[in-house]
Amino acid sequence: MNLDLLEQVLEGVVGGLLALSALLTLIRITIGPSVLDRVVATDVLVSIVVCALGAHAALTSGSTTLPLLISLSLVGFMGSVAVARFVARDRDPQAGEEARSVAGSPDRTDWPRSSAGRSGRTGISRAVWEPGVRQPGGRGATAQDPHGVTRGDPRDPRDPGDPRNPRNPRDPGNPRNPRDPIGGTS
Amino acid sequence: MSWSVASDLLGLLFLLLGALLCVAAAIGLLRFPDLLSRMHAGTKPQVLGVIFVIIGVGLRTRSGLDVGMLVLIGVFQLLTIPAGAHMVGRAGFRTGQVEPADIHLGRRRTYRTPASTEDG
């Protein structure tokens, strides 16, 4: 009975399937529209590597890769946790705008509410954060105030209506927001 | 057919199932439209695929020390994957990649109409 032939064929099939899934995951890491998609795909790639090392240990019946598997399953999530915290700090407005426009959310399509001078692809310019580099005609500019200077410091808590204000109580990402359904610090 | 040959074949079958789950997750990662769907697809090989593979390894090696290490791998995977997924999901919510209408909570109605209470 040719069990050896069957085993060889199945080994080849397992290796081919793992290689194919790693390739597709790499494509998603490359084209992922936001950082979080890439993070999710990286987690999947780590688990595919765990599966491949386990398959190698099973097919060669050697146990030298098992401590490597233990360490990989322990530290494999730390990269995604670190990047997720970094993204939560940085807010990545462009990817969020893309996701909202794709999803067509009825709640948050008007999220940058001041429509005066909403220009550009995202409507949110980095210059809003920094008072020194405001560009004329950017967001916050009105007919009386083409540079948007009198809007004041966007971090001023007295201007809670600015969606880019980190103290804005209406911002769902603000940890001080009582309406944040996820809540928590950080 | 002796028990060792049957165990080897069964282990190979489990390895094949794990590899199939990896392929399914990769296809789901490529095809699904948004972040939560991709996370849904991506958790399949992270939990069930790894468990299948370590069952396959255990069926093929059949030594006590290796089985203990495989159990440790499974436990660590089950402990760390939800932590990472929780952080990624929360970051996705805060960067606006999750529709608030997709979140079903008791406070959803008060969340959906923030304009009615903000000026009071």
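Trainee: Which residue takes a positive phi just after α3(B)?
Mentor: That residue is Gly96(B), where phi is about 80°. Helices here are DSSP runs of H or I with at least four residues, strands are runs of E with at least two, and both are numbered from the N terminus.

Trainee: Before we go on, what should I know about the model and its labels?
Mentor: This is a predicted model, in which local features need pLDDT of at least 70 and side-chain atom pairs count only at pLDDT 80 or more, while totals for chains, interfaces and linings use all residues. Residues are numbered from 1 along each chain as its sequence is written, chains are lettered from A and ligands numbered from 1 in the order in which they are written, and side-chain values use heavy atoms, with hydrogens and water left out.

Trainee: OK, back to α3(B), how many residues does it have, and what should they span?
Mentor: The helix has 31 residues, which should span 45 Å at 1.5 Å a residue, the expected span being 1.5 Å times one less than the number of residues. The end C-alpha atoms of α3(B) are 46 Å apart, which agrees.

Trainee: And how many helices and strands does chain B have?
Mentor: Chain B has four helices and zero strands, so that its pattern along the sequence reads α-α-α-α. Of its 120 residues, 49% are buried, where buried means under 20% relative accessible area, exposed means over 50%, and partly exposed lies in between (1.4 Å probe, protein chains only).

Trainee: What about its surface, how much of it belongs to carbon and sulfur atoms?
Mentor: The accessible surface of chain B comes to about 5,800 Å², and 69% of it belongs to carbon and sulfur atoms; the areas come from the Shrake-Rupley method with a 1.4 Å probe, and for residues only the protein chains shown count as cover.

Trainee: Which residues make the nonpolar surface patch?
Mentor: Val67(B), Val71(B), Val75(B) and Leu79(B) make a patch of about 340 Å². Patch residues have over 30% relative accessible area and no salt bridge, with like charges joined within 9 Å and nonpolar side chains (Val, Leu, Ile, Met, Phe, Trp, Tyr) within 5 Å. Leu79(B) lies in helix α3 of chain B, residues 64–94, and counts as exposed because its relative accessibility is 59%. As a general point, an α-helix has 3.6 residues a turn, so residues three or four places apart point the same way.

Trainee: Now the inside, which residues touch the most other members of the largest nonpolar core?
Mentor: In that core of 43 residues, they are Val14(A), Leu18(A), Leu66(A), Leu15(B), Ile73(B) and Val88(B). The largest share, 11 residues, comes from α2(A). A nonpolar core is a set of buried Ala, Val, Leu, Ile, Met, Phe, Trp, Tyr and Cys residues joined through side-chain atoms within 4.5 Å.

Trainee: Let's take Leu18(A), is it buried or exposed?
Mentor: Leu18(A) counts as buried, because its relative accessibility is 8%, and its place is in helix α1 of chain A. Leaving aside neighbours within four places in sequence, Leu18(A) is in contact (heavy atoms within 4.5 Å) with residues including Ile48(A), Cys51(A), Ala19(B) and Cys22(B). The C-alpha atoms of Leu18(A) and Cys51(A) are separated by 7.9 Å, although the two residues are 33 apart along the chain.

Trainee: Changing topic, how many salt bridges are there over all chains?
Mentor: The search of the whole structure finds three, a salt bridge being a side-chain nitrogen of Lys or Arg within 4 Å of a carboxyl oxygen of Asp or Glu. One of them joins Arg60(B) and Glu7(A) at 3.6 Å, N to O, and this pair crosses between chains, from helix α2 of chain B to helix α1 of chain A. Both Arg60(B) and Glu7(A) are buried.

Trainee: And which residue does Arg38(B) pair with?
Mentor: Arg38(B) forms a salt bridge with Asp37(A), with the closest N and O atoms 2.9 Å apart, and this pair also crosses between chains.

Trainee: Where are Arg62(B) and Asp8(B) placed?
Mentor: Their side chains meet in a salt bridge at 3.3 Å, N to O, with Arg62(B) in the loop between α2 and α3 of chain B and Asp8(B) in helix α1 of chain B, 54 residues apart. Arg62(B) is partly exposed, with a relative accessible area of 43%, whereas Asp8(B) is buried at 19%.
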